[in-house]
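Here are my notes for a colleague who has not seen this model before. Please read them with the structure open.

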2 protein chains.
Amino acid sequence: MFEFRIQRTDGPARAGVLTLPHGEVQTPAFMPVGTHAVVRGLSANDVRQTGAQIILGNTYHLHLRPGEEVIERMGGLHRFTTWDRPMLTDSGGFQVFSLHGLRRIAEHGVEFQSHIDGTTRTLTPERTMEIQWRLGADIAMAFDHVVPGQSSPAAACEGMERTLRWLDRCKRAHSELAGKPVSGEAGRLEHTDQFPPGSTPYPPTGLPAYPQTLWPIIQGGIHDELRTRSLEGTIERGPWTGIAIGGLSVGEPKPVMHHILERLEPGLPRDIPRYLMGVGFPADLLEGIARGVDLFDCVAATRNGRHGTAWLPTGRVNVRGAALKGSAEPLDPACDCETCTTYPRGYLRHLFVVEDMLGLRLVSIHNIRFLVRLGEQARGHILNGSFDGWSREWLSRHYARGD
Amino acid sequence: MFEFRIQRTDGPARAGVLTLPHGEVQTPAFMPVGTHAVVRGLSANDVRQTGAQIILGNTYHLHLRPGEEVIERMGGLHRFTTWDRPMLTDSGGFQVFSLHGLRRIAEHGVEFQSHIDGTTRTLTPERTMEIQWRLGADIAMAFDHVVPGQSSPAAACEGMERTLRWLDRCKRAHSELAGKPVSGEAGRLEHTDQFPPGSTPYPPTGLPAYPQTLWPIIQGGIHDELRTRSLEGTIERGPWTGIAIGGLSVGEPKPVMHHILERLEPGLPRDIPRYLMGVGFPADLLEGIARGVDLFDCVAATRNGRHGTAWLPTGRVNVRGAALKGSAEPLDPACDCETCTTYPRGYLRHLFVVEDMLGLRLVSIHNIRFLVRLGEQARGHILNGSFDGWSREWLSRHYARGD
C-alpha cells in the first residue's frame, strides 16, 4: 500500500503508478478539487467520466461544514460523497493563512475566525491530523505555515522552520491515530489543552478500516537556500510515501516557480510521488511535469468553467461569445469529454445566456477532462520517450497565443 | 403518426399510447418543463433517466432567447437540446397574458415588452405557429387568450371566443406551414402586415423532416357554459390529434378545477389524448387522471427541487432540515431515482448548506422521477382495473397529511 512504481523517466519527467487504498493513480495526473466534498456542481459520476483518478477535499471547509464528526458518522468522505476512488485532503494550512480578518499564529497553532459563523477556532498540527483522520481520505497532508509569494527571507524562514516543527507533531499525531509506534524526534509530542490525550477515541470506531498516509510539505518561499533546508529537514523526518511542494503559485512570477522546482528536483526522493500544491493551469502541468512533478491540483478548471471560459487546444474560448451563437459544432471536435461528444456549442452558449446551471457543469466537465487528458498525454509521451519535444512544442504554441 | 391508442379505461381514467415522430408516450404521463430548452439544471440524460417520455419547451422564452431562427439553423429543438424523445411547445399565450408591464391585446394578437431587453414584440396566431414550426417540436399548441382564474363571465367569454377565432388562424397557418390543403372556416386566413405571405420559406429547409401536429386549447375560465361552448367550438374546428385544457390552476380553488374537469370530460373526444396545461403537483396528477386527463406539465417538480423541497410518499421534506444532518439513509429508500439510489440524504443536505448546485439538480431529479413514477403507477392500476381504489387511498393519505 502507498507504493509508487516509476515506469519510465524522460529527463526529470516521470511516468509512474501510485497504489492507494481506493485504487491506483497513473501519474502524472491532475487532481480536481472538491472543496466542500463536491467538485463544484459535479456529481461523482460526472467526475469519474472525466477520467480523474483522485480528487481533493479541503479540511478547513469540511471542518466548518458539515464538520468532520458528521462525515465520520456517515462512514468517511468516500461514502459521504459516493466517490469511490482515491482522495486526498489538504491540512487547512493554506486556507487559514489566506484568511482575512482575525487570525493569530503561534507555535501552538493558528487561531482564526470561521468565515461562516464568525466563531473562533483553532487549528494545530494535532487537530488537523485528527480532522483528516476522521474525514478518512487516502492521503492526509501535514499542517504547514504558508507565507505569501513575495515574503522576505526572514518571514519565509519562520514559516519554513515552523512547518518542519509542525511536521514532527503531525507525524507523531498521525502515527498515534494509525496506532503505529512512534520513534525519534517526532515521538516527543506534547499534547495541548485543546486536545488532551484520550479525549477522542482513536481510531474512531465508525470508520471503514482503510489505511491513510501522511505527506509532508516543503515550504521556504522563493528563496533557494530555504527551500533546500526545508527539503533536507523534511527528508530527515521521513521516510514518506509522498512529498508535496507548497507555497508556490501564491503571487510569485511563474519563472520563479520554475526555478524553485528546478533547484528542488535533484534533491527530491526518486521513489515517491511529488505533488505541486494548488498549481494546475494547463501550461503549469507541462512545466511541472518537465521538472519532475507527478501530481497537481487547482480550482482553475472548475472556476473557469463556471465563468464560461473553456480550455481548448487552440486557446481559451468564452462560451458566452457571440461567435458560438447558432453553432452546431462541438466546443472542441477533438475532445472526448461528455460535453463535446454530446452538445452543440451553440447550446452551451445558450445555457450561459439564460443562466442555467447546466452550462456551468458542462464547461467544468470539459475543462477537467482537458487537464486530465493533458496528464494522460504527457504520460504517454514519457512512456515512449517523446515528452520533451512534445511538451516544448505544446508550450511554445501556448505561449505564442499569449494564453 | 399522432395516433392515440387507448389500452384500457377504469371509469374516466385511461391508459393509452400516443405515437409521435420522436417516439411513443405511455399515458397517463407527466411532462417535465424545459422552459429555456433545458429542464432547469438538468442534462438531457438526467431527464431521460427519470423515465420522462416527453418534455416541454416554452415558445415565449425560446423566441426571446436564443430566437427560433437560431434553433432552426441548428436543426430544431431536438438537435439543439440533444433530447431525442418527443417534445411539445406551448404557444406563448400563457406567458404573454401573465406578463406584467406593457401588454396590448387586440384581435390581431398581443403586443408585449420582452422581459429581457424591453423591446416591443407581437405574438399572433400566425407568428406563434411559425415560431413553433421552426422550433420543430412534435406537438405545437394553439395561441390562446388566457384569463385569470377568478375572471368575470364577460372577461372569460371574451378570452374563450377569441381563443376559438385564433384557433381558426392557427389551424390555417399550421396547415400552410405543413404544406397541407386547408378547407372550411380556417381557410379564410387573412395575412397581416407582420407576416406577409411568402416572407418566410415554408417549410424551412434546414429542419429535419419530422411532421408536427397542432393541438387546440379549451378556455372559458371557471364558467361551465363557457367551457362547454369552448369545447364545442374546438371540436367543430377539428379533427385534432390531441386536445388541451388551459386556463386552470391560475388562481381558482382546486375543487373548482375538479368540477370543470368533470363537466368537460363526457364531451371530450374519446380517441385523442387530453392535456391539462400547467397542472402537476402530485395530487393534481391523480385528481386529473381520475377525471380523464392523460397528460400534465408543471414546473413545481423542478422549482421545489431547487428550493430543497423533496416529494416523498410520506409527504414533503425540507432537504435543508437538521433532521437529515449526518444521515446515511437515502432520501426515499423505496425510490428508484438516481439521487435516492446513489446519495445519502446527509450529503444532499450538505450540498444545500454549502449552496452547491449539485444539490438542486439531485432533488429536481428525484421530484421529476416521483411524478413520472406516479404516472406509471396510475397507468399500471388503470391497466389492471384497480385505479379508483388505489388513487382514493393515495389521495386520502395525502390530504390527511395536509400536503
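1. Helices (H or I, at least four residues) and strands (E, at least two) are DSSP runs, numbered from the N terminus. With that rule in hand, A:Pro28 sits in the loop between β3 (23-27) and β4 (29-31) of chain A. A cis peptide bond joins A:Pro28 to A:Thr27, with omega about 0°.

2. Ground rules next. This is a predicted model: local features need pLDDT of at least 70, side-chain atom pairs count only at pLDDT 80 or more, and totals for chains, interfaces and linings use all residues. Residues are numbered from 1 along each chain as its sequence is written, chains are lettered from A and ligands numbered from 1 in the order in which they are written, and side-chain values use heavy atoms, with hydrogens and water left out.

3. Most residues other than glycine have a negative phi, and most peptide bonds are trans. In chain B, a cis peptide bond joins B:Gly238 and B:Pro239, with omega about 5°. B:Pro239 falls in the loop between α8 (224-236) and β14 (243-245) of chain B. A:Ala37 is not a glycine, yet its phi is positive, about 65°. Its place is the loop between β5 (33-34) and α1 (44-49) of chain A.

4. Now the overall fold. Chain A has 15 helices and 18 strands. Its radius of gyration (taken over C-alpha atoms) is 21 Å, close to the 22 Å that the globule rule gives for 403 residues, so chain A is as compact as a globular protein of that length. The globule rule is 2.2 Å times the number of residues to the power 0.38. Along the principal axes, the C-alpha atoms of chain A fill a box of roughly 65 × 45 × 40 Å.

5. How do the two chains relate?

6. Look at the interface. Contact (heavy atoms within 4.5 Å) links 37 residues of chain B with 37 residues of chain A. The copies meet through the same surface, because 100% of the interface residues of chain B are also interface residues in chain A. The buried area (accessible area, 1.4 Å probe, that two parts lose on being put together, summed over both) is about 3,100 Å², and carbon and sulfur atoms give 64% of it.

7. Which charged pairs cross over? A salt bridge is a side-chain nitrogen of Lys or Arg within 4 Å of a carboxyl oxygen of Asp or Glu. The rule finds 2 across the interface of chain B and chain A. A:Asp46 forms a salt bridge with B:Arg361, with the closest N and O atoms 2.8 Å apart. On the side of chain B that touches chain A, α1 (44-49), α3 (68-73), α4 (77-81), α13 (345-353) and α14 (357-383) of chain B each supply at least two residues. The most comes from α13(B), with 5 residues.

8. Finally, salt bridges in general. Over all chains, the structure holds 58. Within chain B, B:Glu72 forms a salt bridge with B:Arg134, with the closest N and O atoms 3.4 Å apart. This pair links distant parts of the chain: B:Glu72 is in helix α3 and B:Arg134 in helix α6 (residues 125-135) of chain B, 62 residues apart.
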